[in-house]
Amino acid sequence: MPLLSIALLALISLSALVIYKYLIHPLFLSPLARIRSAHWSAPLSRLWILNARRQELETFAIHAAHSRLGPIIRIAPNELSVNNVDGGIRTIYSGGYEKGTWYSNVFCNYGVSPMFAMSKHGEHSKRKRMLSNVYAKSTLQGSKGLDAITETLINDRLIPRLRELGASGEPSEFYFLLSAIVTDFVSSYIFGLSQGSNFTQDPGMGKKFFWDYKARQRFQFWPQDLPSFTRWMGKWVVPEWVGAANGDIEAWVMGMCEGAEEAVRRAEGEERDWPTVYAQLRSALVKEDSAQAESEGKDVDVAEIVRKRKLDTASELLDHTLAGFDTSSITLTFLAWELSKPAHIPWQERLRSELAECHSKDAKELDALPILHAILMETLRLHAAIPGNQPRITPPNATLGPYTNLPANIRVQSQAWSLHREPTVFPDPASWDPSRWLPPTHSLATSSEAQQREMQRWFWAFGSGGRMCVGSNLAMLDMKAIIAGIWGRFRTEGVGEGKGMRHNGGYVAEPVGWEGEWCLLRVEELSSGNAEEQ
Ligand code: HEM
């Protein structure tokens with residue numbers, strides 16, 4: 001056979017193979033071919049979804065596609081999005097579907113994975129068992145240390161700061177203020193009040209951290225979705241200053257860890273200065289490594305274990321600090337904005353009356369207030385801080401809704417944005433209406449008991465299953481304390497058109513801002529009534 005014919009034959013075979021692999025199989029033969037596509041190109045390439053992710057518009061693109069095509073859609077050759085509870089989030093997030101590398105590509109600190117980024121179930125659940133107890137509702141509500149932290153943060157930091165802002169007569173940026181107070185809250189519980197941040201009284205430091213964090217977040221797409229390409233392109237896609245900002249955050253958290261370690265060694269002082277989460281993780285890691293050393297017949301050296309585990313500890317607690325700061329500040333900023341709209345002033349007044357009736361304002365009592373709870377739940381629904389995709393990887397022979405025998409290693413994702421806008425569950429889903437969450441016996445309630453149960457099943461602000469938010473109870477507690485601290489004695493009013501309060505359409509939905517402003521509010525201190533300290 002002449003050489004030319006052999007080459008031609010090879011070329012034809014290669015072309016046939018390429019056509020089969022990249023056209024015929026994904027379009028007609030793949031088990032995913034039965035599933036409706038969000039975009040004509042989705043069965044053939046990831047370009048459409050990657051482009052939406054790069055522009056941080058994915059959440060909206062996926063939502064529009066679900067609204068058109070139903071609860072299970074194909075968004076790339078090997079990627080699905082699912083917007084359903086039964087046959088959807090209940091299957092995907094209740095075990096068996098691992099996290100994959102999407103999280104570990106960016107959520108590693110000091111080069112070490114915290115539990116959030118651990119891809120395998122075994123190591124993740126071991127770490128989660130070490131920490132769940134300090135974040136349990138009963139632990140938090142019974143913690144004298146947290147009680148004292150709350151009192152200091154609200155009475156000595158937040159209220160005086162609001163008073164200053166009110167007295168100035170100028171509108172104030174609430175995104176900064178709320179970021180500062182939630183960071184102080186979460187870092188004080190983790191590391192102890194004296195070791196935690198004090199951004200509320202030092203807004204300059206708070207802003208530095210805020211901008212370092214934004215730098216870290218803005219370039220996440222590249223290493224997260226295109227890790228090999230990013231390694232190859234380096235600073236051409238992720239500028240060097242992002243690494244520097246990240247380094248500053250790591251150094252700051254390491255400083256808090258070192259302060260907490262000293263507090264543990266001193267083992268005395270006020271309850272509010274005890275580093276609850278740090279001490280718990282330290283003791284669990286020491287226990288684990290001591291057992292290992294004993295089983296190998298070696299001496300146990302606690303100081304050496306603490307030194308060896310320094311980065312594991314810091315990485316875990318950096319993640320909790322950032323998770324607590326970012327999500328709660330976004331939620332509270334949207335809440336402040338909603339409550340300050342002229343149409344929602346009646347909700348502000350109802351909240352104030354409810355708070356006036358509540359005397360001790362301890363965590364348990366605040367938790368039981370229906371209006372406060374309804375306002376927060378409605379904000380978490382409409383303005384979920386993590387409304388974007390939470391990807392997982394299918395195990396072999398997975399079943400999702402009517403689709404059986406799905407292959408392993410398919411990326412599947414759900415998003416709170418769409419679950420929370422399901423009109424059959426949340427009527428008039430685009431409107432902020434706390435009354436839907438009020439108990440059916442309340443005079444302003446609009447949902448029956450059965451509707452409330454259904455809303456709870458679809459409510460996904462904190463995720464679900466084994467990877468659900470470990471800090472959800474702390475978040476609810478600190479946000480309720482902050483809301484009570486503000487609207488118990490201050491009135492707020494929106495300034496301008498709120499153009500900055502549009503959601504980002506990525507994994508996290510912070511308000512995107514407009515000309516350097518997010519949520520500008522005017523604050524006024526009320527002279528009477530609810531002015532008791534917490
Ligand atoms: C409004 C406040 C909060 C919201 C809306 C929120 C939301 C979430 C969501 C949706 C997840 C699952 C994410 C995923 O799998 O992709 C998550 C996980 C997590 N959150 Fe939160 N969170 C909040 C506050 C906090 C706080 C205060 C902490 C601090 C302790 C925290 C620590 C974590 C951690 C460590 C995980 C990973 C859990 C695991 O891997 O098992 N979060 N959060």
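This is a predicted model: local features need pLDDT of at least 70, side-chain atom pairs count only at pLDDT 80 or more; totals for chains, interfaces and linings use all residues.
The residues of the shell around the ligand divide into 12 nonpolar, eight polar and three charged. In this count, Ala, Val, Leu, Ile, Met, Phe, Trp, Tyr, Cys and Pro are nonpolar, Asp, Glu, Lys and Arg are charged, and the others, Gly among them, are polar. Of the 23 residues around the ligand, the nearest are Gly-324, Thr-327, Gly-463, Cys-469 and Gly-471. A residue is near a molecule or strand here if its C-beta atom, placed from the backbone, lies within 6 Å of it.

Residues are numbered from 1 along each chain as its sequence is written.

Which helix gives the most to the shell around the ligand? That helix is α15, with seven residues. Both α15 and α21 (472-487) supply at least two residues of the shell. The names follow DSSP runs, numbered from the N terminus: helices are H or I runs of at least four residues, and strands are E runs of at least two.

Let us stay with α15. Helix α15 covers residues 310-339, 30 residues in total, and reaches 43 Å from its first C-alpha to its last, close to the 44 Å expected at 1.5 Å a residue. That expected span is 1.5 Å times one less than the number of residues. Is α15 mostly covered or mostly open? Helix α15 is mostly covered, since 27 of its 30 residues are buried. Buried means that 20 or more other C-beta atoms lie within 10 Å of the residue's own; exposed means 12 or fewer, and partly exposed is in between, with C-beta atoms placed from the backbone.

I turn now to the chain as a whole. The chain contains 21 helices and nine strands. Its C-alpha atoms fill a box of roughly 100 × 65 × 45 Å, taken along the principal axes. For 534 residues, a compact globule would have a radius of gyration near 24 Å, and the 25 Å of the chain agrees with this. The radius is taken over C-alpha atoms, and the globule rule is 2.2 Å times the number of residues to the power 0.38. Of the 534 residues, 42% count as buried. Among contacts between residues at least 6 apart in sequence, 73% join residues at least 24 apart; a contact requires C-beta atoms, placed from the backbone, within 7 Å.

Next, the sheets. In general, strands of a sheet pair through backbone hydrogen bonds, either parallel or antiparallel. Two strands pair here if DSSP finds at least two bridges between them. Strands β1 and β2 (residues 79-82) run antiparallel and are joined by four bridges. Within that pair, Ala-76 stands opposite Glu-79 in β2.

Another open sheet has three strands in the order β3-β9-β8, and its pairing is antiparallel. Why is one side of β3 and of β8 left without a neighbour in the sheet? Strands β3 (172-173) and β8 (490-494) stand at the edges, each with a single partner strand, so one side of each lacks a neighbour in the sheet. Five bridges join β8 to β9 (residues 520-525). In β9, Glu-525 is the bridge partner of Phe-490, and Arg-522 is that of Glu-493. Strands β3 and β9 pair over two bridges, with Leu-521 in β9 as the bridge partner of Ser-172.

Finally, some loop residues. Glu-56 is found in the loop between α2 (47-54) and α3 (58-69). Its phi is near 55°, a positive value in a residue other than glycine. Glu-56 is buried, because 21 other C-beta atoms lie within 10 Å. Asp-428, in the loop between α19 (416-419) and α20 (449-458), has a positive phi near 50°. Asp-428 has 8 C-beta neighbours inside 10 Å and therefore counts as exposed. Pro-407 lies in the loop between β6 (403-406) and β7 (411-413). With 14 C-beta neighbours inside 10 Å, Pro-407 counts as partly exposed.

Methods:
Two residues are in contact if their C-beta atoms, placed from the backbone, lie within 7 Å.
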